[in-house]
Amino acid sequence: LRYIYFPDNLAKLAKPAPVIVWANGGCSRNDQDWVPLYERWAKAGYVVLTVSTPDAKPRTREVFESYRNMPPPKFVPRSGPPLAPGQLEGGANDAVDFQSTAIDWVAKTQQSDSKFRGRLDPSRIAAAGNSCGGIASLHLAAKDPRVKAVYILSGSVNPVGTPESNAQVLSTVMVPTIWIVGGPEDIARPNAESDFKLMPAKTPVVLIRRDSFDHPQMTYEPEIRRDAGEIGVAWFDAILRNDTAATRLLGTKGCKTCNRAHWRIETRNFEPRR
């Protein structure tokens, strides 16, 4: 099932809300590990579209479309030849497909009798995800001009790709992109650092590295969920709302509640717009 998280006051917002299409870590069909992020972003005025198996629904979440009947996705590290540029397997492909069709749904609400008609802004859409979801988000942004920003939590373009194939994909990502990774023990960190260097020279990019925490902790630690949620608010405000204060905050501290001693922030072409 696909779910939508939305602000309590969605109908009263002065402008249609920006949208975040989220892809789960592990190519999972259960979004429960990331609910604190969605709820924080919904509270900040964003609408978040996710995919999950049926379960208890939070108050500000509804099923918005049945997901196609597919076998559970699998993500297995390759031991054979590297994938061709832009090629993905299994669950990562499913995640790209979900994000793309979620954006399609946003556009369809403009011509339907849905209660979300006129409430969502199809011109302000971010692709976001954790781990495998980060892979999906970057590949989607590489080919879908409807994506205006990318947010990646402990992930990269393709951990089993070659530098050459990854560079070819990243060369077409022209929208602002942020990576949030853990310490040296985070398996996603070297690939994210490589992505940061390989991105087009004029694309605004931000890399935020923590001094500790491994890949699983970047999903499950409450402190990370809080900081990643707040960094996300600053990022989406900066890019989707052109908020100069959020841009300054993100480039200096990361977020209002972030302990700067734990985070190292590196940016390129990321400056407040005049």
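Student: What makes strand β3 (residues 47–51) count as largely enclosed by the rest of the structure?

Tutor: 5 of the 5 residues of β3 are buried, so the strand is largely enclosed. Buried means under 20% relative accessible area, with exposed over 50% and partly exposed in between (1.4 Å probe, protein chains only). Strands (E, at least two residues) and helices (H or I, at least four) are DSSP runs, numbered from the N terminus. Mind that this is a predicted model: local features need pLDDT of at least 70, side-chain atom pairs count only at pLDDT 80 or more, and totals for chains, interfaces and linings use all residues. Residues are numbered from 1 along each chain as its sequence is written, and side-chain values use heavy atoms, leaving out hydrogens and water.

Student: How do you know that both faces of β3 are covered?

Tutor: Val-47, Leu-49 and Val-51 on one side are buried, and so are Val-48 and Thr-50 on the other.

Student: Why is β1 (residues 2–5) said to pair with β3?

Tutor: Pairing takes at least two DSSP bridges between two strands. β1 and β3 have 4, in the antiparallel sense, so they pair. Ile-4 has Leu-49 as its bridge partner in β3.

Student: And what links β2 (residues 17–23) to β3?

Tutor: 3 bridges, with the strands running parallel. Val-21 stands opposite Leu-49 there.

Student: Why is the link between Cys-255 and Cys-258 called a disulfide?

Tutor: The cut-off is a pair of cysteine sulfur atoms within 2.5 Å. Theirs are 2.1 Å apart, so the pair qualifies. Both cysteines are buried, and a search of the whole structure finds 1 disulfide.
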